[in-house]
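Subject: Structure handover and findings

Dear colleague,

Please find below the structure for your records. The findings are set out after it.

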Amino acid sequence: MGVAPMRLSLLPFWLASLLPLGGCCSLARLFCGPDTSPWVSQRFDSPRHTAATLFEALRRDAPEAVFLCLAPAYRRRLGIGDSLVLSVFWPRFRETNPYLHAAGYTEVPEPKLLDPDHATVDVDVMGEPVAIDLQRFAVWELRYTVPGTPAGDQSGTLRSFADRAQVVVLEDRMDPTSRVMLAPFEFVHDAVTEVPLEAIDHVALTRRWWITDIRRR
């Protein structure tokens, strides 16, 4: 009877011996909670970076970052649209993808590029084969800051850059030279009557890889 309590008291030390210095092992992740180490930059400029951002967000239990990884159509399939309401989005995402709860520490392999705008990342999540489908979108972005009013942050998808830009070759130059011509940007600013040029913080055409589906193979 006197031995059992001693064995139980050694259990925490036995679990601690399984932990490598500076991190959690697979068993201990059940007890560690979200990762709080320095965040790796969110990037959406390639299929691999978007998948890595997703897994980092899952590891840290960061639904806002998960939301940014998803294509608008995928958000609509979850029934959330473009509005991030955490009380609605997070439960629906976790219910739709229950096997992703342990995906945070998954190593992201090289994506399979299907064509210039579509790719698939195949990963193994605790023995569960998962395919992450991604698509490259043309996106416009605009941000402004007017003192005393909420910051404005707007964006949207385009069919292609040709909707807002064109490249013109300048024939009169000695060296090969072209000019990018951008169409005017229109944006809504309900909180203020006027947005002066100096209040514009960011305006751009860019391409982003977003997740269009997550499925078990």
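The structure holds 11 salt bridges, a salt bridge being a side-chain nitrogen of Lys or Arg within 4 Å of a carboxyl oxygen of Asp or Glu. This is a predicted model, in which local features need pLDDT of at least 70 and side-chain atom pairs count only at pLDDT 80 or more, while totals for chains, interfaces and linings use all residues. Residues are numbered from 1 along each chain as its sequence is written, and side-chain values use heavy atoms, with hydrogens and water left out.

Salt bridges

Glutamate 56 pairs with arginine 59, with 2.8 Å between the closest N and O atoms. Both residues lie in helix α3, and because they are 3 residues apart there, about one helical turn separates them. Helices (H or I, at least four residues) and strands (E, at least two) are DSSP runs, numbered from the N terminus. Glutamate 56 counts as buried, at 7% relative accessibility; buried means under 20% relative accessible area, exposed over 50%, and partly exposed in between (1.4 Å probe, protein chains only). Glu56 and Arg59 also belong to a network of salt bridges with Arg60.

Aspartate 133 and arginine 215 form another salt bridge, their closest N and O atoms being 2.7 Å apart. This pair links distant parts of the chain, since aspartate 133 is in strand β3 and arginine 215 is in strand β7, 82 residues apart. Aspartate 133 is buried, at 15% relative accessible area, whereas arginine 215 is partly exposed, at 30%.

A further salt bridge joins the side chains of lysine 112 and aspartate 122, at 3.0 Å from N to O. Here strand β1 (residues 112-115) contributes lysine 112 and strand β2 contributes aspartate 122, the two being 10 residues apart. Aspartate 122 counts as partly exposed, with 22% relative accessibility.

A buried arginine without a partner

Arginine 164 is in the loop between β4 (152-158) and β5. Arginine 164 is buried but has no salt bridge, and the nearest side chain of opposite charge, that of aspartate 163, is 7.1 Å away. Apart from neighbours within four places in sequence, arginine 164 is in contact (heavy atoms within 4.5 Å) with Trp140, Leu158, Met181, Leu182, Ala183, Pro184, Phe185 and Leu205.

Aspartate 163 is also in the loop between β4 and β5 and is partly exposed, at 31% relative accessibility. Its C-alpha atom is 9.7 Å from that of alanine 138, 25 residues apart along the chain.

Nonpolar cores and surface

In soluble globular proteins, nonpolar side chains tend to be buried together. A nonpolar core is taken here as a set of buried Ala, Val, Leu, Ile, Met, Phe, Trp, Tyr and Cys residues joined through side-chain atoms within 4.5 Å. The largest such core has 36 residues, of which Leu54, Leu58, Phe89, Phe93, Ile211 and Ile214 touch the most other members. At least two residues of this core come from each of α3 (47-59), α4 (63-69), α6 (86-96), β2 (118-125), β3 (128-144) and β7 (200-216). Beyond four places in sequence, the contacts of isoleucine 214 include Leu54, Tyr74, Phe93 and Val130. Ala138, Trp140, Val195 and Ala199 are among the members of a second, separate core of 10 residues.

On the surface, Val167, Val180 and Leu182 form a nonpolar patch with about 300 Å² of accessible area together. Patches are made of residues with over 30% relative accessible area and no salt bridge, joining like charges within 9 Å and nonpolar side chains (Val, Leu, Ile, Met, Phe, Trp, Tyr) within 5 Å. Accessible areas come from the Shrake-Rupley method with a 1.4 Å probe; for residues, only the protein chains shown count as cover.

The chain as a whole

The chain has 6 helices and 7 strands, and along the sequence these follow the pattern α-α-α-α-α-α-β-β-β-β-β-β-β. Of its 217 residues, 34% are buried. The chain exposes about 14,100 Å², with carbon and sulfur atoms supplying 57% of that area.

Key
Lys, Arg positive; Asp, Glu negative; His and termini not counted.
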